[in-house]
Amino acid sequence: MKKSKWLILLLVFTMVFSLALVGCGKTTEEPQTGKEEPKQDEQQAPADTGGEKLAKEQVLRANLGEEPPDLDPQTTTDTVSFVILNATLEGLVRLNPDGSIGKGLAESWDVSDDGKVYTFKLRDAKWSDGDPITAYDFEYAWKRAIDPKTASQYAYQFYGIKNAKAFNTGEITDPNEIGIKALDEKTLKVELERPMSYFLSLTSFITYLPAKKAAVEKWGDKYAADADKMVFSGPFMITRWDHEQKLILEKNPNYWDADSVKLQRIEFDMIKDTNTPINLYETGELDMSGVPAEFLDKYKDSPEFVRMPDATTFYLEFNCKDKFFSNKKIRKAFSLAIDREAYVNGVLANGSIPAYGFVPGGIPGKAGGEFRKQNGDLFYDAGTKGQEAIDEANRLLEEGLKEVGATKEELAKHVSYLTGDNDIARKLAQALQQMWKKNLGIEVPIESVSFKIRLQKMDQADFTIVGAGWGADYNDPMTFMDMWVTNGGNNDAFWSNAKYDELIEKAINSTGDERMEYMLEAEKLLMEEMPIAPTYFLARNFLQKSYVKGIARFPVGVSTEYKWAYILEH
């Protein structure tokens, strides 16, 4: 998700699969000790076809919606790339269709009695070029992600591993001190800083995927930039990549579990507007399509229509390096002036839910409860308190401008809203523009750019306000909360708060309800300071032909899994 940013960032609503932004996978509670054998039944073959015959041509046609910005697994952060990488690479484990942990390139593993040492045994497997996949490929890839020279924004996902944080932050300089060691070609030993119940699930995350050292060194900066500059360890491989137009995956004959892969080819288009994919779906040229709001009434009762909840939050991100938006009162003024009910239900109109907190519903909290319900709504806006909120927004704006020593006219000449270049993104941006003009008296210009350019601008702090989104990497509030620590890899608000950092650090070093309490308090602080202004929690709407079977979709982690997909005769 280049951000998860799984930010996942205002992604195209016509994506066939999902808009979930990033990627790890559904976390399951695993035993802390002893040998663990995940369920494998659902990895052996596609679902029962019910007596129906498989089509002779096993080809799936879908719309990717965007050019994948970065297919280097150790540096990518965006959801479009995550979907492709999940299809073409495989890590130590792979999630089963039900979200449980299944075997990937690791044949088995042992966990020490204290839960801090994992020893993985790799199966006999090959890269797509025929070379063996070894434990050294994993050691190389993981240390490459941790190396500060790589500048991986997801390096922090390795911080549970012994000395990974110390090496990434420059406290130590010897990579041999990191708790990752290939003992031989088939054995990988991993030492953790502390027991992590979700560590196995985390190894399915995109940044944990292997990389072949010889390939990375051969192609250098061009690694993963084209189909002929990659090697693959997963079910599929990229055989054609017409940038900004088309991407084709074909079955990887060297994949260790190739017998379970029925699809011969997946053809992805990169269509950004909302109407064309629907038209292509109706004419049978696409097998799947997202459903824009204006088509919901037409398709909502169709047997081919599916709506799924998604652990994804969309939000406005303020540049806290900016003269104006370094001020908390100005940030809060722009948030208060939004009518989220009108924005989500009247403009977006796709079943998503207005957001008054950052962590979406469904994520666990204290004592088996739900985090969102336990913290409740943490702010209000023009949609919930009307004129009272608008008056408060203007009061805060006036006070904030005095504090930064500027006028409203100067702010109006300076501010802009950065968003995507598809029609839905522009429509949503125009709604915000109208609300800010009406309620604050400021007409905010809209800057529409491609997904890749938007990610670059965010990384470089080249914006004042940007539309962004984040999808859960794993099923825990921490996947949302640790984004905003000082200098965090995905902290594109460039916000820093010592109290927030302290709360997250305490949560990392705590367990049970105490850990959740720290995160509940941290979210309250985040919404009080408002470096980001949540707008809505995502719902996924899509159409899928009845002859398409076996696609697994997850509300948490990588959104779409194609390994077990197949096409029935039709």
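Student: Is glutamate 139 buried or exposed?
Tutor: Glutamate 139 counts as buried, because its relative accessibility is 13%. Buried means under 20% relative accessible area, exposed means over 50%, and partly exposed lies in between (1.4 Å probe, protein chains only). Please note that this is a predicted model, in which local features need pLDDT of at least 70 and side-chain atom pairs count only at pLDDT 80 or more, while totals for chains, interfaces and linings use all residues. Residues are numbered from 1 along each chain as its sequence is written, and side-chain values use heavy atoms, with hydrogens and water left out.

Student: Where does glutamate 139 lie?
Tutor: Glutamate 139 is part of helix H2, which covers residues 135-146. Helices (H or I, at least four residues) and strands (E, at least two) are DSSP runs, numbered from the N terminus.

Student: And what does glutamate 139 touch?
Tutor: Not counting residues up to four places away in sequence, glutamate 139 touches Ile180, Lys181, Ala182 and Leu188. Contact here means heavy atoms within 4.5 Å.

Student: Let us step back. How many helices and strands does the protein chain have?
Tutor: The protein chain has 17 helices and 22 strands. Its radius of gyration is 23 Å, close to the 25 Å that the globule rule gives for 570 residues, so the chain is as compact as a globular protein of that length. That radius is taken over C-alpha atoms, and the globule rule is 2.2 Å times the number of residues to the power 0.38. The C-alpha trace spans about 65 × 60 × 45 Å along its principal axes.

Student: What share of the residues counts as buried?
Tutor: Of the 570 residues of the protein chain, 62% count as buried.

Student: Into which domains is the chain divided?
Tutor: Domain 1 comprises 59-287 + 545-567, and domain 2 comprises 309-540. These bounds come from an automatic or database domain assignment. The centres of domain 1 and domain 2, taken over C-alpha atoms, are separated by 30 Å. As for contacts, 23 residues of domain 1 meet 25 residues of domain 2.

Student: Now to serine 416: where is it found?
Tutor: Serine 416 is found in the loop between helix H12 (408-414) and strand S15 (417-419). Serine 416 counts as buried, because its relative accessibility is 18%. Not counting residues up to four places away in sequence, serine 416 touches Val444, Pro445, Glu447, Thr464 and Ile465.

Student: And tyrosine 417, buried or exposed?
Tutor: Tyrosine 417 lies in strand S15 and counts as buried, at 3% relative accessibility. Leaving aside neighbours within four places in sequence, its contacts include Val444, Pro445, Glu447 and Ile465, and also Leu316 and Trp436. Tyrosine 417 and glutamine 430 are 13 residues apart in sequence and 9.7 Å apart in space, C-alpha to C-alpha.

Student: What is the relative accessible area of phenylalanine 325?
Tutor: Its value is 0%, so phenylalanine 325 is buried. Phenylalanine 325 sits in the loop between strand S13 (305-318) and helix H8 (328-336). Leaving aside neighbours within four places in sequence, its contacts include Phe318, Cys320, Arg331, Thr464 and Ile465.

Student: And what surrounds proline 531?
Tutor: Leaving aside neighbours within four places in sequence, proline 531 is in contact with residues including Phe318, Cys320, Arg331 and Trp495. Proline 531 is placed in the loop between helix H17 (512-529) and strand S18 (532-544), and it is buried, with a relative accessible area of 0%. The C-alpha atoms of proline 531 and valine 548 are separated by 42 Å, although these residues are 17 residues apart along the chain.

Student: One last topic, backbone angles. What is phi of alanine 151?
Tutor: Phi of alanine 151 is near 55°, a positive value in a residue other than glycine. Most residues other than glycine have a negative phi. Alanine 151 lies in the loop between H2 and helix H3 (164-168) and counts as exposed, at 57% relative accessibility.

Student: What about alanine 349, which also has a positive phi?
Tutor: Phi of alanine 349 is about 50°. Alanine 349 lies in the loop between helix H9 (340-348) and strand S14 (353-354), and it is partly exposed, with a relative accessible area of 28%.
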